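Reader: I'm new to reading protein structures, and I'd like to go through one with you. Could you show it to me so that I can ask about it?

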Amino acid sequence: MASNYGLNEEAADSPSSPTNVYKDPDDGRQRFLLELEFVQCLANPTYIHYLAQNRYLEDEAFIGYLKYLQYWQQPEYIKYIMYPHCLFFLELLQNANFRSAMAHPANKELAHRQQFYFWKNYRNNRLKHILPRSFPEPAALPPPVSAPSQAPVPTTAPAMAASPAAATPALSPMQYGIPPGSGLSKNDMKNAAIDRRKRKHERSM
């Protein structure tokens, strides 16, 4: 009886016992933050290139970890993602060809360049599909045909009174130098200029 009690006590203390389940001290908050940070690091092609060069992407345990991280694509977790490109690269990392290709610097630069072009043109391309397009102008309808019973419309319209603005002629560009109403003519201005020259010449003598 005592030996059975001792065996039961050892089974309870063993880590493989179902009654002794590991529980995070902070209810998984630290693990959640670490996995969120790592997933969002995958939005950087340079970081993926670093993982490939250091042979992390050839480790079966690490590949299994990448498969496990796909739970971040679920709606209750995706709302915490600030860099959505990380989920796109996480999906690509499930492919062995992509994992081996990211070890080459040229492929890393290509991925980084395509990512930049996406950021540069995404908003403009999206606005093309979001903004409403202007509808074509409706075709002009022909004028309605008047009934024969109606009186004929007079062809001559009554003369409209000319507005005072239309009655005054517009000044030519050469006349802007002369104030309106002045009696100076072009010859008078020319004679005055000649007289000024003569007086100046006489003073210098």
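Reader: Is Phe 38 buried or exposed?
Author: Keep in mind that this is a predicted model. Buried means under 20% relative accessible area. Phe 38 comes out at 14%, so it counts as buried.

Reader: How many aromatic pairs are there in the whole structure, and which ring does Phe 38 pair with?
Author: Searching the whole structure turns up 16 aromatic pairs. In one of them, the ring centres are 5.8 Å apart and the planes make an angle of 45°, which is a tilted arrangement. The partner of Phe 38 in that pair is Tyr 65.

Reader: Which parts of the chain does that pair link?
Author: Phe 38 and Tyr 65 are 27 residues apart, and their pair links distant parts of the chain. Tyr 65 is partly exposed at 28%. Phe 38 belongs to helix α2 and Tyr 65 to helix α4.

Reader: Why do α2 and α4 count as roughly perpendicular?
Author: Two packed helices are described by the angle between their axes and the distance between the axes. Here the axes of α2 and α4 are 12 Å apart, and the angle is about 100°. Angles from 65 to 115 degrees count as roughly perpendicular, and therefore that is the label for α2 and α4.

Reader: Which residues of α2 meet α4, and how many residues in the contact are charged?
Author: On the α2 side you'll find Arg 31, Glu 35 and Phe 38. They meet Phe 62, Tyr 65, Leu 66 and Tyr 68 in α4. By class, the contact has 5 nonpolar residues, no polar ones, and a charged count of 2.

Reader: What do Arg 31 and Glu 35 form together, and how far apart are their closest N and O atoms?
Author: Both residues sit in helix α2, 4 residues apart, or about one turn of the helix. Arg 31 is partly exposed at 45%, while Glu 35 is buried at 7%. They form a salt bridge, and the closest N and O atoms are 3.2 Å apart.

Reader: How many salt bridges does the whole structure have, and where does Arg 55 come in?
Author: A search of the whole structure gives 3 salt bridges. Arg 55 is exposed at 56%, and Glu 58 is exposed too, at 51%. Their side chains meet in a salt bridge with an N to O distance of 3.1 Å.

Reader: Which residue does Lys 108 meet in a salt bridge?
Author: Lys 108 lies in helix α8, which covers residues 105–130. With a relative accessible area of 14%, Lys 108 is buried. Its salt bridge is 2.9 Å from N to O, and the partner is Glu 109, a partly exposed residue at 38%.

Reader: What else does Lys 108 touch, leaving out residues up to four places away in sequence?
Author: Contact means heavy atoms within 4.5 Å. Leaving out those sequence neighbours, Lys 108 touches Pro 45, Thr 46, His 49 and Met 102.

Reader: Back to the rings: which residues do the ring pairs link into a cluster?
Author: A pair of aromatic rings is described by the distance of the centres and the angle of the planes. Ring pairs join up into a cluster, and Phe 38 and Tyr 65 are both in it.

Methods: Residues numbered from 1 in each chain as written. Predicted model: local features only at pLDDT ≥ 70, side-chain atom pairs only at ≥ 80, totals over all residues. Heavy atoms only, no water. Helix = DSSP H or I, 4+ residues; strand = E, 2+ residues; numbered from the N terminus. Buried < 20%, exposed > 50% of the residue type's maximum accessible area, 1.4 Å probe, protein only. Salt bridge = Lys/Arg side-chain N within 4 Å of Asp/Glu carboxyl O. Axes fitted to C-alpha atoms, helices over the stretch in contact; angles between N-to-C directions. Parallel < 35°, antiparallel > 145°, perpendicular 65-115°, else oblique. Nonpolar A, V, L, I, M, F, W, Y, C, P; charged D, E, K, R; others polar. Phe/Tyr/Trp six-rings, centres within 6.5 Å; stacked < 30°, edge-to-face > 60°.
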